[in-house]
Amino acid sequence: MRSSRIVSSHGKKSGASSYRLTSTPHAQPHAGKRMTFCTDFDKSIVINTFKRRGWKQVMPEEEWNVYWSNTVNCRTIFSLDNGLRLGDSQFINHFPNHYELVRKDLLVKNIKRYRRELEKDCNSLAEKTEVKLPGGQVITRYLYLDFIPVTFVLPSDYSLFVEEYRKYPQTTWILKPCGKSQGAGIFLINKLSKLKKWSRESKTYLQHHLTSKDTYVISRYIDNPLLIGGKKFDLRIYVLVTSFRPLKAYMFRNGFCRFCTMKYDTSVAELDNMYVHLTNVSVQKHGSDYNSEHGGKLGIHNLKLYLEGTRGREVTDRLFESIQWLIVHSLKAVAHVMSNDRHCFECYGYDIIIDDNLKPWLIEVNASPSMTATTVNDRILKSKLLDNLLSVVLPPGGTPDSRWNKTPTAEALGDFQILIDEDSMYKGEMDQRERLARKN
Ligand SMILES: Nc1ncnc2c1ncn2[C@@H]1O[C@H](COP(=O)(O)OP(=O)(O)OP(=O)(O)O)[C@@H](O)[C@H]1O
């Protein structure tokens with residue numbers, strides 16, 4: 001058994017590009033040995049959570065038990081060129097090809113493929129239904145798996161997009177660069193002419209510098225979001241996956257809503273106003289109405305109470321079941337393409353928008369959800385998230401062991417709830433037929 005060590009060419013941590021990987025004989029953990037962690041993030045929440053458990057912080061080039069890495073360094077570790085294997089007592093916080101779930105274009109591609117495959121197998125999950133739009137048009141959509149807005153990848157799907165655009169010319173669309181985050185490079189359009197201009201300019205540009213980073217997704221803009229106090233918000237939900245095959249996933253109960261600072265307004269004049277349309281904290285914190293005390297955030301429990309009060313308990317319960325449903329099926333959509341390395345776990349940040357019919361839409365999945373606290377409550381929540389996460393990921397003795405069957409005790413779950421555990425279906429996922437019946 002060999003373990004990997006990351007060493008920069010100067011013997012200390014620097015940019016990922018200067019890392020050199022070496023291999024050393026793996027020392028098996030022994031009783032009483034102090035656990036070690038390393039991290040690429042200078043975040044007190046991450047560091048303090050490990051230290052509170054008595055773990056010692058080391059550099060990536062030293063012997064570590066858990067590496068809270070960024071995605072680039074994780075990919076370097078698993079790069080085939082290295083020919084290295086992690087030791088049994090080493091865990092890392094990403095799956096090697098997490099991008100299948102978290103890259104905007106690949107997420108859509110995988111979900112579309114998943115639906116097609118179910119359809120081919122005549123699986124009842126892929127059932128379709130006809131829906132009448134407010135304008136009288138009738139469209140066909142998936143009955144149970146219609147949880148991502150209609151999306152195309154640009155420039156490759158440009159013609160398909162134009163076809164769709166012509167069918168529904170009143171629709172607003174949102175363009176998002178696949179290689180960026182935090183709201184960067186996002187814009188809304190309601191006319192094809194705007195896209196044509198963008199497309200012409202970008203094609204000239206792309207011909208010279210084409211990289212995957214220049215790819216965009218264009219999605220139907222959810223223009224009827226549920227508003228509270230007249231403002232748009234999205235949900236951030238944390239989902240921990242400890243295995244893709246069998247699928248074992250947990251949802252943290254304490255997600256939160258992130259609000260825009262300006263009232264929602266669909267008028268064309270406000271189409272470019274990101275304080276109206278984008279819920280990212282990284283965007284909203286620059287707005288003049290940003291409140292740094294609550295950070296534009298509301299706990300999911302309060303959202304639930306609000307909805308129970310305004311819409312009723314039954315529909316609120318159904319909404320939260322639908323959210324769990326979409327998370328489980330987004331994971332199933334990638335489960336077969338994921339490299340299911342037993343040393344890996346991953347905490348995903350799911351971004352979900354609820355529309356005014358209380359239908360949840362999956363907007364995006366993040367592989368490195370921010371561990372920066374913008375408020376006191378944020379700090380409490382994220383510290384608990386990480387601490388609970390370690391309890392789920394680590395075997396009862398607290399020492400990482402990749403041979404463990406990854407079945408945490410009920411006490412170890414803390415504020416996580418089981419979304420799905422394919423090892424013991426009835427413990428985790430509600431019976432599928434029962435769920436379908438409830439959704440109807
Ligand atoms: N289809 C959509 N309909 C309505 N609003 C959307 C849609 N897609 C994105 N948004 C809004 O734009 C914001 C940014 O989108 P998204 O999260 O996909 O981009 P990002 O820049 O990668 O953000 P992140 O930093 O979370 O990775 C969302 O939080 C949401 O408020």
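This is a predicted model: local features need pLDDT of at least 70, side-chain atom pairs count only at pLDDT 80 or more; totals for chains, interfaces and linings use all residues.

Me: Let's zoom out. How is the protein divided into domains?
Reply: There is domain 1 (2–93), then domain 2 (103–220), then domain 3 (227–439).

Me: How many residues do domain 2 and domain 3 put into their contact?
Reply: Domain 2 gives 15 residues and domain 3 gives 22 residues. The centres of these two domains, taken over C-alpha atoms, are 23 Å apart.

Me: Which helix gives the most on the domain 2 side?
Reply: Helix α4 (residues 104–120) does, with 5 residues on the side of domain 2 that touches domain 3. By class, that side of domain 2 has 10 nonpolar, 4 polar and 1 charged residues.

Me: How do α4 and α10 pack?
Reply: Their axes are 8 Å apart and meet at an angle of about 90 degrees, which makes α4 roughly perpendicular to α10. From α4, the residues Asn110, Ile111 and Tyr114 meet Ser330, Lys332, Ala333 and Val334 in α10. That contact has 4 nonpolar, 2 polar and 1 charged residues.

Me: α10 also packs with α9. At what angle?
Reply: About 140 degrees, with the axes of helix α9 (residues 300–310) and helix α10 (residues 313–335) 7 Å apart. The two helices are therefore oblique to each other.

Me: Which residues meet there?
Reply: On the α9 side they are Lys304, Leu307 and Glu308, and on the α10 side Arg313, Thr316 and Leu319. Sorted by class, the contact of α9 with α10 has 2 nonpolar, 1 polar and 3 charged residues.

Me: New topic, the ligand. How many residues surround it, and which are the closest?
Reply: The ligand is surrounded by 20 residues, and the closest are Ser181, Gln182, Ile222, Thr279 and Glu364. In this shell, 9 residues are nonpolar, 7 are polar and 4 are charged.

Me: Which domains does the shell draw at least three residues from?
Reply: Domain 2 (103–220) and domain 3 (227–439) each supply at least three.

Me: And which strands supply at least two residues each?
Reply: Those are β10 (173–177), β18 (346–354) and β19 (360–366). β19 has the largest share of the shell, 3 residues.

Me: You listed Gln182 among the closest. Where is its place in the chain?
Reply: Gln182 is in the loop between β10 and β11 (187–189). Gln182 is not a glycine, yet its phi is positive, about 60 degrees. In general, most residues other than glycine have a negative phi.

Me: Last one: which residues does UniProt list for "domain: ATP-grasp"?
Reply: The UniProt record, an unreviewed entry, lists residues 351–394 under that name. In this model the span is 41% helix and 25% strand, and its end C-alpha atoms lie 26 Å apart.

Technical notes
Residues are numbered from 1 along each chain as its sequence is written. Domain bounds come from an automatic or database domain assignment. Two residues are in contact if their C-beta atoms, placed from the backbone, lie within 7 Å. Helices (H or I, at least four residues) and strands (E, at least two) are DSSP runs, numbered from the N terminus. Ala, Val, Leu, Ile, Met, Phe, Trp, Tyr, Cys and Pro count as nonpolar, Asp, Glu, Lys and Arg as charged, and the others, Gly among them, as polar. UniProt positions are given in the numbering used here, feature names are shortened, and annotations may be inferred rather than shown by experiment. A residue is near a molecule or strand if its C-beta atom, placed from the backbone, lies within 6 Å of it. Axes are lines fitted to C-alpha atoms, for helices over the stretch in contact, and angles run from 0 to 180 degrees between N-to-C directions. Angles under 35 degrees count as roughly parallel, over 145 as roughly antiparallel, 65 to 115 as roughly perpendicular and the rest as oblique.
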